[in-house]
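Thank you all for making the time this morning.

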Amino acid sequence: MKYLDEYRDQRIARALASEIVQRTTRPWVLMEICGGQTHTIMRYGLDELLPRGIELVHGPGCPVCVTPLETVDKAIELALRPDVILVSYGDMLRVPGSRSDLLRAKAQGADVRIAYSPTEAVKIARSNPDRKVVFLAIGFETTAPANAMAAWQAKREGLTNFSMLVSHVLVPPAIRALMVSQTNRVQGFIAPGHVCTVVGCKDYEGLIRDFRIPIVVGGFEPVDILEAVLMLVRQLEAGEAKLENQYVRSVSYQGNLPAQQIMAEVFEVADQKWRGIGSIPQSGLRLREDYSAYDANRIFDLGELTVDEPAECISAQVLQGLKKPTDCPAFGMRCTPENPLGAPMVSTEGACAAYYHYRRHAVAT
Amino acid sequence: MRAARVQFGGIVRQVSLSFVPEAGLGDYVMVHVGFAISRVDSLEAERTYKLLEEMGALEPELPPAEE
Ligand code: SF4
């Protein structure tokens, strides 16, 4: 496909990789935030093209993985009510809650429907006026404008049977949390190109100022990622720390203004819990007061239970780049995409799933 | 809500142009959950493409059609 094949071209990838080899004189630890980028790295074996000294650690940017366990449990509880239709993005269905998952609820008779776009959830509400339609609105900044649009549309149409169970996370506060952590090893970040397509690059300036760390906004194809690594290595070797944009074909400094506008109209910034990581101040979005009539948390009487992850799952460390999926004793044995113990094994953007699909040969069994 | 038909490889999908009102016929757009979030800057995207095209390494492709 145009604008895709060329970013997957092996010759360009190799040329970039050899330039990285030449530029690297010391070891560097770099983190790609986005799970989509992790997927590309594993799928194309990009880490194997890099010099030994360059370590890529994988970040928390998998929306499905960081959606709190409690939210999954609430979605299941709602789905099992006979008057509810629960609408979700497809990759949430197999994410384990504390006792079950949405797919199993569906097998038990719950009306769970998969939507490709939030507008489909609104459409389902429109055509089922006698049912309560709850949309599981999860994601990063990339998905927030589309999810906001669903609430905005429902309000404009005066739909009374539509609501959203919201779990929205933001990237810059997560980078800040990683940087202030005692265990941080990351020396440079590849910022997620699709998030920045929506919100622009300005929020990253503050991180560079506060932590003197290079950040390069990167795309999702192999050539994008290798180019972003090269840009980071150049900065690090030169002792620089600045914001650079590798993904210029999609990302502008100010981002997408109409998308930001609808986000701000519907959502406000709030403290947010990240599955596996814990609560991070001001790192999420919730529905504004004006939209409280569309907030499933307010409409339904849902318990606020705190539940624990299975003790075996080390997704907390995986999501913070402290451990690799292959360090997990359950990886590929008791935890597989067919029988996931933790969320990172479910989503295509989850690091454990990426390692399972593309790197299983590396773990001797 | 302004919408367009966008071709993804072989599949054609209905996509909202609410956030990219300036997009028009033949444009390349970045799409996320049914919404276009940016218009791909063709000059930037073609930087690498041009090089390869000159070498005859790429197949031509049809641009997306709008309704
Ligand atoms: S392999 Fe499975 S159990 Fe281990 S960290 Fe990943 S998701 Fe959790």
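Let me begin with a question: with which residue does A:Arg209 form a salt bridge, and how far apart are the closest N and O atoms? The partner is A:Asp210, and the closest N and O atoms are 4.0 Å apart. Since this is a predicted model, that distance, like every other value I will quote, is computed from the predicted coordinates.

One of the salt bridges joins A:Lys273 to A:Glu70, with 2.8 Å between the closest N and O atoms. What I would point out here is that the two residues come from distant parts of the chain, A:Lys273 sitting in strand 10 (residues 267-274) of chain A and A:Glu70 in helix 5 (residues 69-79) of chain A, 203 residues apart. The two ends also fall into separate accessibility classes: A:Glu70 has a relative accessible area of 10% and is therefore buried, while A:Lys273, at 34%, is partly exposed.

Another salt bridge is formed by A:Asp111 and A:Arg113, whose closest N and O atoms are 2.9 Å apart; A:Arg113 has a relative accessible area of 28% and is partly exposed. There is also a network of salt bridges, in which A:Glu55, A:Arg185 and A:Lys324 are linked.

Let me turn now to the sheet in chain A. This is an open sheet of five strands, in the order 2-1-7-8-9, and the pairing is parallel. Why does one side of strand 2 (54-61) and of strand 9 (243-245) of chain A have no neighbour in the sheet? Both strands stand at the edges and each has a single partner strand, so one side of each is left without a neighbour. From one strand to the next, the twist averages 25°. Helix 2 (residues 35-43) of chain A packs on this sheet, where it touches strand 1 (28-34), strand 2, strand 7 and strand 8 of chain A, and its direction makes about 120° with that of strand 1.

Looking at individual pairings, strand 1 and strand 7 of chain A run in the parallel sense and are paired over three bridges, and here A:Leu30 stands opposite A:Gly188 in strand 7. Strand 7 (residues 188-192) in turn pairs with strand 8 (residues 215-218) of chain A, again in the parallel sense, over four bridges, and in this pairing A:Pro192 has A:Gly218 of strand 8 as its bridge partner. Strand 7 of chain A is mostly covered, five of its five residues being buried.

Two backbone details in chain A deserve a careful look. A:Arg212 is not a glycine, yet it has a positive phi of about 50°; its place is in the loop between helix 11 (202-211) and strand 8 of chain A, and with a relative accessible area of 56% it is exposed. A:Gln282, although not a glycine, also has a positive phi of about 50°, but A:Gln282 lies in strand 11 (residues 278-287) of chain A and, at 45% relative accessibility, counts as partly exposed.

I will finish with chain B and with confidence. B:Ser16 is found in strand 2 (residues 11-16) of chain B and, at 7% relative accessibility, counts as buried; its side chain makes a polar contact of 2.8 Å with the side chain of B:Ser18.

How confident is the predictor in chain B, taken as an average pLDDT? The average is 73, with 63% of the residues scoring at least 70. Confidence in this chain is highest in strand 4 (residues 35-39), at 94, and lowest in helix 1 (residues 42-54), at a mean of 59. Over residues 55-67 of chain B, pLDDT stays under 50, and for these residues the model has 34 contacts beyond four places in sequence. For the model as a whole, the scores are ipTM 0.87 and pTM 0.89.

Note on methods: Residues are numbered from 1 along each chain as its sequence is written. Chains are lettered from A and ligands numbered from 1 in the order in which they are written. This is a predicted model: local features need pLDDT of at least 70, side-chain atom pairs count only at pLDDT 80 or more; totals for chains, interfaces and linings use all residues. Side-chain values use heavy atoms; hydrogens and water are left out. A salt bridge is a side-chain nitrogen of Lys or Arg within 4 Å of a carboxyl oxygen of Asp or Glu. Buried means under 20% relative accessible area, exposed over 50%, partly exposed in between (1.4 Å probe, protein chains only). Two strands pair if DSSP finds at least two bridges between them. Axes are lines fitted to C-alpha atoms, for helices over the stretch in contact, and angles run from 0 to 180 degrees between N-to-C directions. Contact means heavy atoms within 4.5 Å. pLDDT is the predictor's confidence in each residue, from 0 to 100. A polar contact is a pair of N or O atoms within 3.5 Å; within protein, one must be able to donate a hydrogen and the other to accept it, and residues adjacent in sequence count only if both atoms are side-chain atoms.
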